[in-house]
Amino acid sequence: MMLDRSRRWCEWRGWGVRHGTVRVTLSLLQAEKAGRRTAFSGDGRLRPLWDIGGRTVDGE
């Protein structure tokens with residue numbers, strides 16, 4: 001009956017309701033469809049460029 005899985009999902013969802021969550025859907029596009037056309041700069045890791053606020057400089 002998959003009750004353990006349902007229980008874990010309900011606990012996870014309850015945590016999100018109490019503490020707040022942001023749900024997003026990310027999609028990778030082909031370069032021909034407005035995707036990235038240049039290499040990553042810096043150390044080769046792409047970092048998110050959004051700011052959802054509510055954080056201090058040290059991440060708290």
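Helices (H or I, at least four residues) and strands (E, at least two) are DSSP runs, numbered from the N terminus. Now select Gly20: this residue follows H1, and its phi is positive, near 90 degrees.

This is a predicted model, where local features need pLDDT of at least 70, side-chain atom pairs count only at pLDDT 80 or more, and totals for chains, interfaces and linings use all residues. Residues are numbered from 1 along each chain as its sequence is written, and side-chain values use heavy atoms, with hydrogens and water left out.

Show the whole chain. It has 1 helix and 0 strands. Of its 60 residues, 5% are buried (under 20% relative accessible area; exposed is over 50%, partly exposed in between; 1.4 Å probe, protein chains only).

Select H1. Its 17 residues reach 24 Å from first C-alpha to last, close to the 24 Å expected at 1.5 Å a residue (1.5 Å times one less than the number of residues).

Arg7 and Asp4 are 3 residues apart, so about one helical turn separates them.

Shared partners join Asp4, Arg7, Arg8 and Glu11 into one network.

Last, select Val22, in the segment after H1 (3-19). Val22 is exposed, because its relative accessibility is 60%.

Note on methods:
Salt bridge = Lys/Arg side-chain N within 4 Å of Asp/Glu carboxyl O.
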